[in-house]
Amino acid sequence: MTKSPLTRRSLLSTAGAFALGGLAMPSVVRAQIPLDFEEEANVRTASRNVMGFRNHHWRDHFQNLRNGAILCDTYSRALHFWSEDESIYLAHPCSVPMTEDFTRRGYTEVTLKRFEPTWIPTPNMRQRDPSLPARVEGDDPTNPLGTRAMNLSWQYYRIHGIDNPAKIGRRASNGCFGLLNEHVENLYELVKIGTQVRVI
């Protein structure tokens, strides 16, 4: 029997499995790291997120799990979700605000869920970059919100999909948290209006 050669991809996959496999979390743990992309840039992104991953417990951030809870960690660039009954825990790498000026920390909640959302840049974004389109429709693959969006109670802040997977694990947003579309689609089905959110 011949052994398959060790590749950078297989080493990263193994590292990711060990890094996330040791989490002391609820019995149903579904942590996903984007290691299945062919582009080298995305492999580097996965490696960066695995190495920076920090374990969190919901009790360190929330008084209860009513309606579920989301923690957006700007330091390790990861989003954590706990279901109300603690049966589901998700941990996904994400993009985070590109500067401290764009970063808002504290408690908020999901106020609206949008399927294939239309993207309209904020007035400040248009002021910084007048070349931005006035809007991008929801079914456009270049839509910066990706396939799903969840508005927060803070104006212009969202958890959403992404148009470019290379942004994952980077300071790349104007204040929002971007997930791979497959991850945000899964999260979208679990999140309720009123789901608690904390940004640290």
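1. E100 and R105 form a salt bridge, in which the closest N and O atoms are 2.9 Å apart. A salt bridge here is a side-chain nitrogen of Lys or Arg within 4 Å of a carboxyl oxygen of Asp or Glu. E100 has a relative accessibility of 47% and counts as partly exposed; R105, with a relative accessible area of 32%, is also partly exposed. Buried means under 20% relative accessible area, exposed over 50%, and partly exposed in between, with a 1.4 Å probe and protein chains only.

2. This is a predicted model, in which local features need pLDDT of at least 70 and side-chain atom pairs count only at pLDDT 80 or more, while totals for chains, interfaces and linings use all residues. Residues are numbered from 1 along each chain as its sequence is written, and side-chain values use heavy atoms, with hydrogens and water left out.

3. A search of the whole structure finds five salt bridges. Among them, the side chains of E137 and R135 meet at 2.7 Å, N to O. E137 is partly exposed at 37% relative accessibility, and R135 is partly exposed at 44%. Another salt bridge joins D163 to K167 at 2.9 Å, N to O. D163 counts as partly exposed at 28% relative accessibility, as does K167 at 25%. In general, side chains of opposite charge can pair when their charged atoms come close.

4. As to the overall fold, the protein has four helices and eleven strands. These are DSSP runs numbered from the N terminus: helices are H or I with at least four residues, and strands are E with at least two. Of the 200 residues, 48% count as buried. The protein exposes about 10300 Å², of which carbon and sulfur atoms supply 51%; such areas come from the Shrake-Rupley method with a 1.4 Å probe, and for residues only the protein chains shown count as cover.

5. Contact means heavy atoms within 4.5 Å. Among the contacts in the protein with a separation of 6 or more, 64% are between residues 24 or more positions apart. Q196, in strand β11 (residues 196–199), counts as buried because its relative accessibility is 18%. Leaving aside neighbours within four places in sequence, Q196 is in contact with several residues, including F62, L65, I70 and T108.

6. T142 lies in the loop between α3 and β7 (148–152). Not counting residues up to four places away in sequence, T142 touches V136 and D163. The latter, D163, is the residue that meets K167 in a salt bridge. T142 and W119 are 23 residues apart in sequence and 10.0 Å apart in space, C-alpha to C-alpha.

7. H183 is placed in helix α4 (residues 181–190) and counts as buried, at 2% relative accessibility. Although H183 and H92 are 91 residues apart in sequence, their C-alpha atoms are 7.2 Å apart in space.

8. E116, D139, E182, E185 and E189 form a negative surface patch. Patches are made of residues with over 30% relative accessible area and no salt bridge, like charges being joined within 9 Å and nonpolar side chains (Val, Leu, Ile, Met, Phe, Trp, Tyr) within 5 Å. Lys and Arg count as positive and Asp and Glu as negative, whereas His and the chain ends are not counted; the place of a charge is taken as NZ of Lys, CZ of Arg, CG of Asp or CD of Glu. E116 lies in the loop between β6 (106–115) and α3 (123–128), and is partly exposed at 37% relative accessibility.
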